[in-house]
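Here is a short report for a first look at this structure. Keep the model open as you read.

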Amino acid sequence: MLIERRTRRDFLAGAAKAAVLGLSGTTVLSGVSAFATPPIEPPASAAEKLIPYGAAVRSDALASDLTYRAAMAANCQIIVPESELKWTELRPTRDQYRFEKADAILDFARLNGIDVRGHTLAWSGAMPAWTDAIASPAEAERELVDHIQTVVGRYRGAVQCWDVVNEPLAHWPEDDASFRPSIWASRLRGNYLPIALRATAAADPGARLVLNEYDLEFSGPRFMARRHALIRLLRTLRDRDVPLHAVGLQAHLFADRAIDRDGLQTLLAEIAKLKLDVLITQLDVIDYELPGKVSERDAQVASLAAGFLKTVCEVACPKAIVTWGLSDRYSWVPTYFKRPDGLPNRPLPLDADLRPKLLYDVIEEFRRKAA
């Protein structure tokens with residue numbers, strides 16, 4: 001097994017040094033691993049009471065684009081590796097782990113006092129081709145647990161929070177047993193969730209464990225079915241005493257989809273009853289159907305985000321607001337939702353020249369208002 005030179009000890013030593021230098025960041029996302037067990041947090045200063053803001057980050061852009069690097073350091077209290085902790089990046093072959101890109105992001109975070117969220121350990125997507133050969137439940141459990149022990153163990157104490165399970169539900173679930181097709185669901189069925197969550201808790205008892213899901217906020221029967229299935233799934237995990245601390249709302253917002261205020265707030269109230277935290281984990285606005293005029297489009301993007309954040313914050317104060325990217329210069333949106341008029345997409349808080357937009361102001365407003 002090839003593992004790059006740097007070890008978990010290197011990161012722990014670096015984190016300890018950063019703490020001594022006052023660079024360890026302000027977001028406390030640690031806590032013992034048990035279902036809905038609250039973290040032990042020190043008293044917060046006035047500045048620390050703001051909801052932490054973060055963004056997904058790309059290692060290649062950090063290395064090559066100094067203005068982007070500076071913007072990330074200046075604006076983010078949290079960063080999330082966009083792809084560098086996914087299986088395709090870490091596991092090109094069954095017997096090989098490649099940590100260079102993830103290590104670079106962790107180094108950047110440590111040097112700038114930024115917390116790190118890990119994304120993701122158990123997901124249907126971004127899987128290397130070799131995993132198709134996993135043949136049995138026993139083999140699937142062994143590979144999943146080994147991966148989690150290796151990756152989470154390496155970054156123990158350096159990654160404060162993990163999206164352990166990402167997008168487990170079927171696109172249109174019939175019940176809490178309707179899982180999105182994946183190697184894990186096909187070999188282990190719903191058992192892969194407790195396996196992954198318990199393995200993560202064992203590998204880093206101080207990490208916060210998150211179940212991350214998409215399409216929970218809109219009006220319509222499919223989205224209602226997703227909300228109902230999620231609550232049933234969370235109750236099942238609770239009844240099995242599976243360690244879990246929070247639910248992540250991805251919040252990829254679409255201009256042609258109305259927010260179901262009552263439906264989303266009912267979901268959030270049920271999550272609160274389970275004593276789980278809420279995080280907004282991948283916020284952006286898919287603008288390919290919005291008008292081309294920049295000022296008009298930016299205003300509608302900001303309005304959509306404000307409506308969503310208001311709906312959430314009326315019921316639950318999110319522990320973090322994270323956008324899936326900081327600047328329009330680096331976004332997944334044009335790859336999948338390119339505008340028909342050929343104009344650049346504008347889904348994120350900073351434009352391609354790293355200038356704040358109205359969306360940036362909306363996020364700042366809710367960081368203060370909700371806190």
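Which residue follows α9, and is its phi positive or negative? The residue after α9 is Asp241, with a positive phi near 55°.

## Basis of the report

This is a predicted model, in which local features need pLDDT of at least 70 and side-chain atom pairs count only at pLDDT 80 or more, while totals for chains, interfaces and linings use all residues. Residues are numbered from 1 along each chain as its sequence is written, and side-chain values use heavy atoms, with hydrogens and water left out.

## The chain

The chain has 13 helices and nine strands. These are DSSP runs, numbered from the N terminus: helices are H or I with at least four residues, strands are E with at least two.

The chain holds 371 residues, and 55% of them are buried. Buried means under 20% relative accessible area, exposed means over 50%, and partly exposed lies in between (1.4 Å probe, protein chains only). Contact means heavy atoms within 4.5 Å. Of the contacts between residues at least 6 apart in sequence, 81% join residues at least 24 apart.

## Helix α9

Helix α9 covers residues 221–239. Its 19 residues should span 27 Å, and its end C-alpha atoms are 27 Å apart, so the two agree. The expected span is 1.5 Å times one less than the number of residues.

Buried residues of α9 include Phe223, Leu230, Ile231 and Leu234. Arginines are buried there too, among them Arg222 and Arg226. The buried residues pack against α8 (192–203), β5 (208–213), β6 (246–249) and α10 (261–273).

Met224 also sits in α9. Met224 counts as partly exposed because its relative accessibility is 40%. Its C-alpha atom is 9.6 Å from that of Leu267, 43 residues away along the chain.

## Thr150 in helix α6

Thr150 belongs to helix α6 (residues 137–154). Thr150 counts as buried because its relative accessibility is 17%. A polar atom of the Thr150 side chain lies 2.8 Å from the backbone oxygen of Asp146.

## The second largest pocket

A pocket is an open set of points on a 1 Å grid over the protein atoms alone, where a 1.4 Å probe fits, with protein on both sides within 12 Å along at least five of seven lines; lining residues have an atom within 4 Å of a point. The second largest pocket is lined by 26 residues. Nearest its centre lie Trp123, His252, Trp324, Trp332 and Tyr336.

α2 (59–64), β7 (252–254) and α12 (333–336) each supply at least two lining residues.

Terms used. A polar contact is a pair of N or O atoms within 3.5 Å; within protein, one must be able to donate a hydrogen and the other to accept it, and residues adjacent in sequence count only if both atoms are side-chain atoms.
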